[in-house]
Amino acid sequence: MARTTTLHGKHVRPKLSSGQKEERCTRQMKLASDIASVRGAYAQEARDITQTHGRSLKWTCVQLLMGQNLRDRRRINSWNAFIRAKLREVNAGRDRGDHVKLTQFVAQNKDDLLVAYKNSTPAQQEAYNAKVQVARDTKVVITCSNPKAVSHTVSAAFANMDWEWTALCAQTGLEGFYIAVRGTVEDLSEPKVFFTQKAENFVRTVLDIEPHRLALCLESWVVSGLDMPNTTKYQCPLNKLISECRALIQEELDYLLTKKKVSTNVKMNYTNYERQIVERYGVMLTGWPFSGAVRNPSKIGGRAEVEKLLDALNSETCKWVRLTDEELRARVIHNKERQARGETVYQPRRTRTIKASTTHVRTSSVCSATSADSNSD
């Protein structure tokens, strides 16, 4: 998209057309979907490794991240690839104990190697580099616990963070602090803290504690496992589980109807679900984990059934979908056929009851009427 210039010399972009907006929205939605799918696959692979090898999920994630994101492989050096190829040629056919050492080989053949390297063509150098790359890709890295390497990586990262925070605070006048501690007993990383002057005074004056002592308290809290909820002793009440199921169903219904540009607030109708929700708004709750029609979570059974429904809603195996016009027409016809066969698909509306009005007659009026009758007699 070309830039345009205003009269004041500012660079602005022209407004997007409707087609361009839709295209950009489609790209963003596809990107978000791809990222979500990759995250889900990554989490599932980590769980599979955990179950197969008996490792903790946190340890597995650390190993995966340390191998890909935090450590960058060096570029392949053409000279090193050339020396490696020549040394492999010399050691071809020799036993493992009779191999020529790299330092000895370079010292004895330095001049010849330099001449051969200078006379090699770029294509030959690329071939040497390609062999090294193939060897890197096919090498199986032995994964093992290395707390010292993790500690060194963390120290290097936080040393850079300290420098960036100091520079940022000096440039902008920001005040603040951060504290980072190890997550498990196996980690060897010491607490990492950063305090500006005012933040340090705040901790000492308001919290009445030394900054480094605050870091040690946080470390003991995390390592001891006090931050983890004790699920074995606490069980969520059944009414809260039912309420959570209702809330999830209502939130997803509101979201889907908003996408359909329904402006009114629609409350989930469990009693007349087919007429008031499916046929009226063209949406349906799929993946209902129980036989029969969609019912109020309070009427599906006990704790086991409610937890099953809650798991289905959280995992989106039970979710709202939008019906096409053909699907909606077929659904209406099917509901009417079921109703004709005697099934209770459409709940009848309750008849309105009119209360009879009662006339309260005062005692004095009755007495006066009685006396009048007696006088007339």
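This is a predicted model: local features need pLDDT of at least 70, side-chain atom pairs count only at pLDDT 80 or more; totals for chains, interfaces and linings use all residues.
A residue counts as buried under 20% relative accessible area, exposed over 50% and partly exposed in between, using a 1.4 Å probe on protein chains only. Numbering runs from 1 along each chain as its sequence is written, and side-chain values use heavy atoms, with hydrogens and water left out.

**Confidence**
- The mean pLDDT (the predictor's confidence in each residue, from 0 to 100) of the protein chain is 81, and 83% of its residues reach 70 or more.
- Among the elements, strand 5 has the highest mean pLDDT (92) and helix 14 (residues 363-376) the lowest (50).
- Residues 67-71 fall below 50, and beyond near neighbours in sequence this stretch has 3 contacts in the model.

**Overall layout**
- The protein chain has 14 helices and 6 strands, taken as DSSP runs (H or I, at least four residues, for helices; E, at least two, for strands) and numbered from the N terminus.
- Of the contacts (heavy atoms within 4.5 Å) with a separation of 6 or more, 56% link residues 24 or more positions apart.

**Nonpolar cores**
- A nonpolar core is a set of buried Ala, Val, Leu, Ile, Met, Phe, Trp, Tyr and Cys residues joined through side-chain atoms within 4.5 Å.
- The largest one has 30 residues, and Met268, Tyr273, Ile277, Val283, Trp288 and Trp320 touch the most other members.
- Helix 10 (238-259), helix 11 (273-281), strand 5 (283-286) and helix 12 (303-314) each give two or more residues to this core, with helix 10 giving the most, at 8 residues.
- Leaving aside residues up to four places away in sequence, Ile277 touches several residues, including Leu253, Val266, Met268, Val283 and Trp320.
- A second, separate core of 10 residues includes Ile83, Phe105, Tyr128 and Val132.

**Positive phi outside glycine**
- Lys261 isn't a glycine, yet has a positive phi of about 65°; Lys261 sits in the loop between helix 10 and helix 11 and is exposed at 76% relative accessibility.
- Glu316, also not a glycine, has a positive phi of about 65°; Glu316 lies in the loop between helix 12 and strand 6 (319-322) and is exposed, with a relative accessible area of 51%.
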